[in-house]
Amino acid sequence: MEVLSRTELVVVVMAMLSLHQLTSAQDCPSTHDLLNSLRQVEKMLAVHEMSYQQGVRSLRKKLSALHNSTMTIFKIGRNASCPKPETPAHGRRLGRVFGVGHEVHFLCKPGYELIGPRTRVCLESLKWNGQQPVCRRFNSTGNSLPSFSADARASSLPVSAALSASSSSSSSSSASSPSPLSSSSPTSSSPSSSIRPSHCTHFLGSTRCTCDVGFTISGRDNNICTDIDECHLFPLGQPGRLCVHQCVNTPGSFHCFCPAGYDLARDGRSCTDIDECENRMHNCRADQLCVNTYGGFQCVMVECPHMKNATYIKTSPMRCEKNPCMLGDKACTQAPNSISFHFLAVVSNMSAPRVLFRVSAARVLGDTLRFGLAGGRGRGHFSVQRSGRQTGTLLLVSPIKGPATLEAEVEMSELEHNSLLGRYLTKVTLLVSPYEF
């Protein structure tokens with residue numbers, strides 16, 4: 001029976017009274033009939049009141065049950081939690097909340113691979129699903145990918161990063177490149193390891209499926225996790241690239257590799273040049289000078305030039321001075337008073353214009369100093385500008401694609417009343433790396 005409102009009950013009573021008024025107009029009812037009508041109305045009101053009270057009691061019971069279940073869930077979510085998971089050695093744990101339904105993730109440092117699940121979920125039983133993962137160092141002789149460290153020169157690519165030998169009329173240079181150590185080439189992961197089952201948890205009547213880090217949910221029922229190829233999403237040579245040199249996709253992650261002559265940086269993505277000269281990893285002779293380059297080194301030997309009317313003596317490993325000229329020997333007088341040698345290592349395709357070198361006069365005897373290019377290979381890439389009263393600047397005016405070896409001869413002339421007092425030559429050798437890092 002539906003519960004009638006008080007307004008509906010009043011309407012019913014008024015209708016019955018109106019009915020009695022109509023009948024009274026025809027024949028006056030007796031007092032007994034009137035009392036019977038009132039009793040019937042009273043019974044009907046009692047039935048409606050009882051039904052209303054039953055509905056209120058049922059609603060109160062439902063509200064109480066809902067409140068109790070909500071408080072139970074709140075207490076479980078606030079107090080119950082899984083034990084703190086261990087952080088794997090040589091790795092990291094991401095996540096600080098260990099409550100029911102929460103996740104923690106695990107990562108390894110560069111040079112290590114994760115064995116076990118990358119994501120674990122706290123279950124209603126207050127236990128973590130899956131096994132505790134561990135970080136294992138890559139083995140270059142096994143099936144896993146090779147790693148790079150400061151004491152290992154192994155490279156994923158058998159590329160020699162040393163620049164080619166060069167020689168000039170004024171200096172004799174012999175180049176030496178580091179012998180590349182053999183190692184296994186990095187390969188992509190097998191298709192079978194790129195697909196895994198998803199991790200599904202049932203909580204409060206709902207099902208939630210997740211994947212390990214580096215995988216995406218797929219399948220008709222979200223029951224399959226497919227590996228994300230990060231190297232394909234962020235290719236080399238484009239903004240946002242993951243690796244400076246080479247990217248190799250692995251199940252759930254990726255690894256960066258560097259060419260010979262470089263170490264993988266701490267960020268696991270960049271490449272740091274190995275200074276073979278400082279670390280004594282070169283094979284230069286005692287009479288040669290080791291010059292470090294990006295990805296290799298050069299063994300150079302500076303020799304003073306042999307001129308017909310002038311002789312030079314080596315006053316330092318990188319400088320030659322002219323011997324005094326005989327009186328009236330104009331050819332000797334016009335020869336450079338000193339020749340300095342400098343070697344600069346740069347990366348490939350370096351942006352231009354760019355300042356490479358500055359030449360300054362310690363003291364000036366004449367009234368004029370002039371700076372200019374006297375010669376060298378690749379003169380089209382260089383320019384000399386005056387940057388001060390006693391300073392000239394060697395500029396790179398166009399990028400150079402490596403590997404390459406270029407030379408620029410910067411001449412500083414000192415004059416007095418337009419008469420030459422002396423010439424000073426600076427030979428700058430540019431050693432361009434085959435890489436842009």
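Which residue in β11 is the bridge partner of Thr 216? The partner is Thr 226.

This is a predicted model, in which local features need pLDDT of at least 70 and side-chain atom pairs count only at pLDDT 80 or more, while totals for chains, interfaces and linings use all residues. Residues are numbered from 1 along each chain as its sequence is written, and side-chain values use heavy atoms, with hydrogens and water left out.

## The chain as a whole

The protein chain has four helices and 26 strands. Helices (H or I, at least four residues) and strands (E, at least two) are DSSP runs, numbered from the N terminus. Of its 437 residues, 36% count as buried. Buried means under 20% relative accessible area, exposed means over 50%, and partly exposed lies in between (1.4 Å probe, protein chains only). The chain exposes about 26200 Å², and carbon and sulfur atoms supply 54% of that area. Accessible areas come from the Shrake-Rupley method with a 1.4 Å probe; for residues, only the protein chains shown count as cover.

A contact means heavy atoms within 4.5 Å. Among contacts in the protein chain with a separation of 6 or more, 53% come from residues 24 or more positions apart.

Two strands pair if DSSP finds at least two bridges between them. Between β10 and β11 (residues 224–227), the antiparallel pairing covers four bridges.

## Salt bridges

How many salt bridges does the structure hold? There are seven. A salt bridge is a side-chain nitrogen of Lys or Arg within 4 Å of a carboxyl oxygen of Asp or Glu. The table lists some of them.

| Pair | N to O distance |
|---|---|
| Arg 208 and Glu 103 | 3.9 Å |
| Arg 319 and Glu 321 | 2.5 Å |
| Arg 423 and Glu 411 | 2.8 Å |

Arg 208 lies in strand β9 (residues 206–210) and Glu 103 in strand β2 (residues 103–108), so this pair, 105 residues apart, links distant parts of the chain. Arg 208 is partly exposed, at 46% relative accessible area.

Arg 319 is partly exposed at 30% relative accessibility, and Glu 321 is partly exposed at 23%.

Arg 423 belongs to strand β26 (residues 419–432) and Glu 411 to strand β25 (residues 404–416), 12 residues apart. Glu 411 counts as buried because its relative accessibility is 17%.

## Two loop residues

Asn 309 sits in the loop between β17 (296–301) and β18 (312–316). With a relative accessible area of 38%, Asn 309 is partly exposed. Leaving aside residues up to four places away in sequence, Asn 309 touches Asp 329, Ala 331 and Cys 332. Its C-alpha atom is separated by 8.6 Å from that of Cys 325, 16 residues apart along the chain.

Phe 234 is in the loop between α3 (230–233) and β12 (246–250). Phe 234 is partly exposed, with a relative accessible area of 38%.
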